[in-house]
Structures are given as C-alpha cells and as structure tokens.
Amino acid sequence: MTQPVRVYVQDHGFFVTDRDVDTPFETMDYGTGLAGVMESAVLVHAGIDRGYVAVTAAAVDERPGLDTAEQWDDLASWEDVAEVSLYVPHGRLTVEQLEQALDPRAQLPVLSGHGPGHYRLRLHASGRDRHYDRVVDESGERFHFLAWPAAPTAPLVIKAGSRCGYGLRLNALEAPVPAEFPPVMVEDQAEADRQAMQRRNLLGG
C-alpha cells in the first residue's frame with residue numbers, strides 16, 4: 001500500500017477519474033453508498049463538507065480475493081467497501097481534487113496500469129461519520145482505491161457500515177432512474193448486447 005496522501009475535499013467530494021474526460025453528472029448513481037458512479041469517473045463522497053482526507057491507491061493485475069479469513073481481515077478497518085466498473089479511454093485513471101487550483105495534484109499512482117480499457121475499481125472508506133457535514137482541516141477520514149482490468153459488471157457492495165453510506169444508498173433508491181444510460185464504447189457487438197441486457201435488468205425491464 002502506498003503512503004497516505006492528503007486530498008482536499010470540496011462539497012463532500014473528490015474524483016477518481018480518467019483525465020480530460022467529460023463528466024456527465026446527471027448519470028451518477030450513488031447506489032453503493034460510496035461514490036456517484038459515471039461511465040469513466042466516480043465522485044467519491046466524503047463525510048466532511050470541506051477539509052482533508054487521507055488517501056492511498058494502487059493498480060493491481062487482477063481482482064484481490066475475498067475467499068479467506070485473512071483476506072477479510074484486511075477489510076476489518078474499513079467501514080464501507082464496494083466495487084464499480086469504469087471505462088478508461090485515455091488510460092489515466094487518477095485521484096483528482098474538484099479544483100486543482102486549491103492544492104497541487106495528489107501524488108498517487110495511476111490506477112489504470114494496463115492502459116486504456118475497462119477497469120474494476122474497489123473503493124474503501126472509513127471515518128465518514130466522525131465529522132459529517134462539517135468543515136474540518138484534518139478529518140481522520142481514510143480512503144483506499146484498487147483498480148484492475150476487468151470487463152464491465154454490475155456494482156457490488158462488499159461492506160456497508162457507516163451512516164453516511166446508508167443515507168446515500170437510501171437516497172439512491174428514492175431517486176428517479178435515468179431514462180437512458182450513456183453509451184459505452186465496446187470492442188464487439190456481443191459485448192454491447194451483454195451490457196444492454198444488464199442495463200435492462202437494472203431498470204427492471
């Protein structure tokens with residue numbers, strides 16, 4: 001794991017995003033309770049309104065297992081853990097603050113270690129309830145991100161323990177579902193058909 005880096009949070013948020021990609025905020029889905037998920041970015045939801053959180057991140061070659069007690073012990077210090085799929089067209093998936101002018105860019109690893117393509121992102125969070133909705137310079141909140149190349153699949157909630165996450169998931173259930181999902185760039189028609197079916201299932205159609 002990398003050394004923690006201080007990342008500035010503004011309006012509860014910061015990004016994990018492919019640089020220079022348009023961000024269609026109207027498509028965000030907060031169903032994981034951790035972030036608003038878009039096609040090529042997530043808007044991570046911190047507990048604090050403004051201030052600093054500690055962030056670590058790493059690119060890995062394959063999905064970290066969850067099959068043994070030791071692997072689950074690695075999650076013990078985290079309150080919320082979830083996975084989402086992202087399309088990374090430029091191959092530059094990084095942690096970014098909402099306004100770079102406020103602080104230098106966070107010096108964290110590029111998460112898309114295999115270049116452009118589809119990735120799975122695992123998000124970990126802890127401490128979001130501690131100073132919820134407050135302005136705190138040093139919040140004590142922690143986040144950790146892992147990413148690896150993988151075909152798109154539905155979001156997965158692995159662990160859900162915070163009130164902050166519960167509120168986001170509840171709001172997502174009550175929010176209207178977007179009429180259309182944004183187009184996803186795929187390499188063949190079979191993959192496009194599979195994703196279309198997955199989207200219809202999510203919409204209950």
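This is a predicted model: local features need pLDDT of at least 70, side-chain atom pairs count only at pLDDT 80 or more; totals for chains, interfaces and linings use all residues.
Residues are numbered from 1 along each chain as its sequence is written, and side-chain values use heavy atoms, with hydrogens and water left out.

**View 1. Glu83 and Arg122 form a salt bridge.** The closest N and O atoms of Glu83 and Arg122 are 2.7 Å apart, a salt bridge being a side-chain nitrogen of Lys or Arg within 4 Å of a carboxyl oxygen of Asp or Glu. This pair links distant parts of the chain, since Glu83 lies in strand β6 and Arg122 in strand β8, 39 residues apart; helices (H or I, at least four residues) and strands (E, at least two) are DSSP runs numbered from the N terminus. Arg63, Glu83, Arg120 and Arg122 are linked in a network of salt bridges.

**View 2. Strand β6 spans residues 80-88 and is largely enclosed by the rest of the structure, because 9 of its 9 residues are buried.** In a regular strand the side chains alternate between the two faces of the sheet. Here Asp80, Ala82, Val84, Leu86 and Val88 point one way from β6, whereas Val81, Glu83, Ser85 and Tyr87 point the other way.

**View 3. Strand β6 runs antiparallel to β8 and also to β10.** Two strands pair if DSSP finds at least two bridges between them; 9 bridges join β6 to β8 (residues 117-126), and 4 bridges join β6 to β10 (residues 156-160).

**View 4. The side chains of Arg128 and Asp80 meet in a salt bridge.** The N to O distance is 3.1 Å, and the pair links Arg128, in the loop between β8 and β9 (135-149), with Asp80 in strand β6, 48 residues apart. Arg128 is buried, and so is Asp80.

**View 5. Arg50 forms a salt bridge with Asp11, with the closest N and O atoms 3.7 Å apart.** Arg50 lies in strand β5 (residues 50-59) and Asp11 in the loop between β1 (5-10) and β2 (13-18), so the pair ties together parts that are 39 residues apart in sequence. Arg50 counts as partly exposed because its relative accessibility is 28%, and Asp11 is partly exposed, with a relative accessible area of 48%.

Definitions and conventions:
Buried means under 20% relative accessible area, exposed over 50%, partly exposed in between (1.4 Å probe, protein chains only).
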